[in-house]
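This report describes a two-chain model for a reader who has the sequence and the structure at hand.

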Amino acid sequence: MQTKRSTYQNRWLPFLLLAPQLAITLVFFIWPASQAVKSSFERTDAFGFKTTFVGLDNYARILADPSYLNALGRTAIFAVSVTALSMGLALLLAICVNRVLRSAKFYTTLLVWPYAVAPVVAGVLWWFLFNPTIGLLPHLLDWFGINWNHRVSGTQAMILITIAAAWKQISYNFLFFLAGLQSVPQSLMEAAAIDGAGPFKRFWTIVLPLLSPTTFFLLIININYVMFDTFGVIDATTGGGPGQATMTLVYKVYTDGVAGLNIGSSSAQSVMLMGIVIILTFIQFRYVERRVNY
Amino acid sequence: MVENRPFLNILTHLVLIAGVLVVAFPVYVAFIASTHEPSAFVRGVLPLLPGDNMLESYGQMLSSGWQVGGTPPVWLMLGNSLIMALTIAVGKIAISILSAFAIVYFRFPFRMLAFWVIFITLMLPVEVRIIPTYAVVANLGMLNSYAGLTLPLIASATATFLFRQFFMTVPEELMEASRVDGAGPMKFFRDILLPISITNIAALFVIMFIYGWVQYLWPLLVTTEEDFYTIVLGIKRLMASSDRVPAWNLIMATVTLAMLPPVLVVLFMQRLFVKGLTETEK
């Protein structure tokens with residue numbers, strides 16, 4: 001990794017400058033993470049007196065535990081639906097904003113603000129709309145003969161958290177899609193139009209392929225968002241229920257560790273999550289390297 | 001626009017208006033609910049037009065809070081959120097700009113190691129190290145304190161990378177010229193580097209302020225005393241009591257107040273916000 005051509009010579013100043021960042025990183029990031037790895041190989045007895053080394057036993061247990069595997073599957077479904085819903089809507093809106101010239105800024109302003117809404121608040125808002133007793137949407141659904149109660153139906157609870165999580169993420173995806181669309185060269189579009197390609201043909205054959213780097217980048221970011229930032233959405237709406245219908249991996253780490261005080265299992269789950277983040281970060285950085293040369 | 005298609009233009013505007021309405025609808029309903037009297041929520045369907053109880057709802061929540069719901073006055077929670085968001089934003093920027101300066105403008109042993117240690121924080125979001133981090137904070141006696149709320153969230157690889165990237169684009173001549181003029185590293189940093197980084201700092205500040213404001217899981221763990229509740233956390237506490245006493249007007253007034261500051265920041269600093277967002281996530 002490069003520095004400047006000429007650098008300062010100083011024995012202690014660079015360490016002093018790095019000290020605050022490194023101290024916080026070591027105390028609050030690396031040390032706790034290493035503790036999580038350590039206790040994922042241990043088991044503590046019910047009274048917390050004795051800790052024994054159990055090797056990979058905690059991992060074997062969670063991988064054999066149907067509730068963990070269910071949470072894994074549910075997280076995957078949740079990630080795919082939130083990503084598809086919010087990216088799809090965001091792309092549609094970005095295409096539209098890119099088409100209107102004069103009012104583009106006006107619409108952008110009206111679409112970006114949900115980024116600043118906390119996930120918990122997003123959860124509360126949609127939970128309120130879908131509230132089985134006083135909510136508006138259950139009343140509407142009633143006309144279509146659908147009985148909405150996300151406290152009873154696991155599928156409906158899943159739909160609720162998907163909508164709430166996707167709603168908050170639309171603005172983020174929208175901004176990146178819009179930036180991608182604006183970098184599509186106008187000359188390409190004009191050339192295609194002269195050759196007789198209509199708006200839809202142009203979109204499929206020119207715009208969409210040129211957007212693929214943006215789409216791929218957003219895919220990774222959205223999966224990351226759904227895995228880690230939706231804790232608030234779930235905690236505000238369903239609390240993982242009914243049953244375990246909306247229990248995602250992060251929510252399970254929290255319930256098992258904080259509420260259930262099962263440190264060994266919770267740590268093993270944390271380490272598995274770290275593995276997932278490392279893979280996602282790796283993919284993201286590999287991809288950024290390539291985009292630079294694009 | 002390549003060609004003129006009136007039908008498609010109308011469709012475009014219709015889609016956009018529908019999109020804006022769908023995005024705003026939940027917030028509109030929450031705001032409307034906050035302007036009604038509690039009795040409006042017992043009869044069934046939510047009202048869709050404003051009521052006349054707005055001042056009472058907001059007044060009560062701001063001044064005295066809601067004892068049944070177990071929350072302190074909203075102004076206190078707003079203050080806590082503000083302290084938390086500002087500390088996180090300022091702290092992240094301060095420690096990151098210093099480390100980026102060290103990494104770019106100095107050659108010293110263990111430079112790569114320091115870089116990788118900072119890089120690793122990207123892979124350790126608070127959600128995956130909840131319990132051991134809680135243990136560290138508890139051992140340091142920082143539960144129910146602003147230090148405990150903010151310090152574990154303050155390290156930032158993204159901010160360090162952003163400043164590093166920016167410093168690499170700063171012309172070499174600036175540093176060489178300042179050295180010829182007899183300025184040491186810290187004088188160069190303060191009088192040259194800091195002023196030319198100001199747009200980046202501002203953009204980053206907007207993003208980090210929002211990041212700090214919307215934090216939920218961490219305050220949920222480290223604060224048990226009402227005096228340290230942030231507004232986002234307070235909403236959850238209010239919700240927990242909603243089954244017993246459905247004071248929806250009070251809850252939704254709090255929700256509205258919780259959304260207002262960060263949303264205003266995004267709306268009024270939109271250019272900086274977009275810049276910060278697109279540059280930190282690379």
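## Basis of the model

The model is predicted; local features need pLDDT of at least 70, side-chain atom pairs count only at pLDDT 80 or more, and totals for chains, interfaces and linings use all residues. Residues are numbered from 1 along each chain as its sequence is written, and chains are lettered from A and ligands numbered from 1 in the order in which they are written.

## Interface between chains A and B

Across the interface, 83 residues of chain A are in contact with 81 residues of chain B (two residues are in contact if their C-beta atoms, placed from the backbone, lie within 7 Å). Helix α1 (residues 13–39) of chain A supplies the largest share of the chain A side, 18 residues. Helices here are DSSP runs of H or I with at least four residues, strands are runs of E with at least two, and both are numbered from the N terminus.

On the side of chain A that touches chain B, 63 residues are nonpolar, 15 polar and 5 charged. Ala, Val, Leu, Ile, Met, Phe, Trp, Tyr, Cys and Pro count as nonpolar, Asp, Glu, Lys and Arg as charged, and the others, Gly among them, as polar.

## Annotated spans

In chain A, UniProt (unreviewed entry) places the feature "transmembrane region" at several spans, including residues 12–31 and 110–130. UniProt positions follow the numbering used here, feature names are shortened, and annotations may be inferred rather than shown by experiment. Residues 12–31 of chain A are 95% helix and 0% strand, with end C-alpha atoms 25 Å apart. Residues 110–130 of chain A are 67% helix and 0% strand, and their end C-alpha atoms lie 24 Å apart. The unreviewed UniProt entry also gives "domain: ABC transmembrane type-1" at residues 72–284 of chain A; this span is 77% helix and 0% strand, and its end C-alpha atoms lie 22 Å apart.

For chain B, the "transmembrane region" annotation in UniProt (unreviewed entry) covers residues 82–106 and 113–134, among others. Residues 82–106 of chain B are 96% helix and 0% strand, with 36 Å between the end C-alpha atoms. Residues 113–134 of chain B are 59% helix and 0% strand, with 26 Å between the end C-alpha atoms.

## A helix pair in chain B

Helix α10 (residues 198–213) and helix α13 (residues 248–268) of chain B pack at about 165°, with axes 10 Å apart. The two helices are therefore roughly antiparallel (an angle over 145 degrees). Their contact is made by B:Val206, B:Phe209, B:Ile210 and B:Trp213 of α10(B) with B:Pro261, B:Pro262 and B:Val265 of α13(B). These residues divide into 7 nonpolar, no polar and no charged.

## Individual residues in chain B

B:Leu217 lies in helix α11 (residues 217–222) of chain B. B:Leu217 counts as buried because it has 23 C-beta neighbours inside 10 Å (20 or more are needed for buried, 12 or fewer give exposed, and values in between partly exposed, with C-beta atoms placed from the backbone). Beyond its neighbours within four places in sequence, B:Leu217 is in contact with A:Phe231, A:Gly232, B:Val126 and B:Glu127.

B:Phe110 has a positive phi near 70° and sits in the loop between α3 (74–105) and α4 (111–120) of chain B. B:Phe110 is exposed, with 12 other C-beta atoms within 10 Å. B:Asn144 has a positive phi near 50° and is placed in the loop between α5 (130–139) and α6 (146–150) of chain B. With 14 C-beta neighbours inside 10 Å, B:Asn144 is partly exposed.

Technical notes: Axes are lines fitted to C-alpha atoms, for helices over the stretch in contact, and angles run from 0 to 180 degrees between N-to-C directions. Angles under 35 degrees count as roughly parallel, over 145 as roughly antiparallel, 65 to 115 as roughly perpendicular and the rest as oblique.
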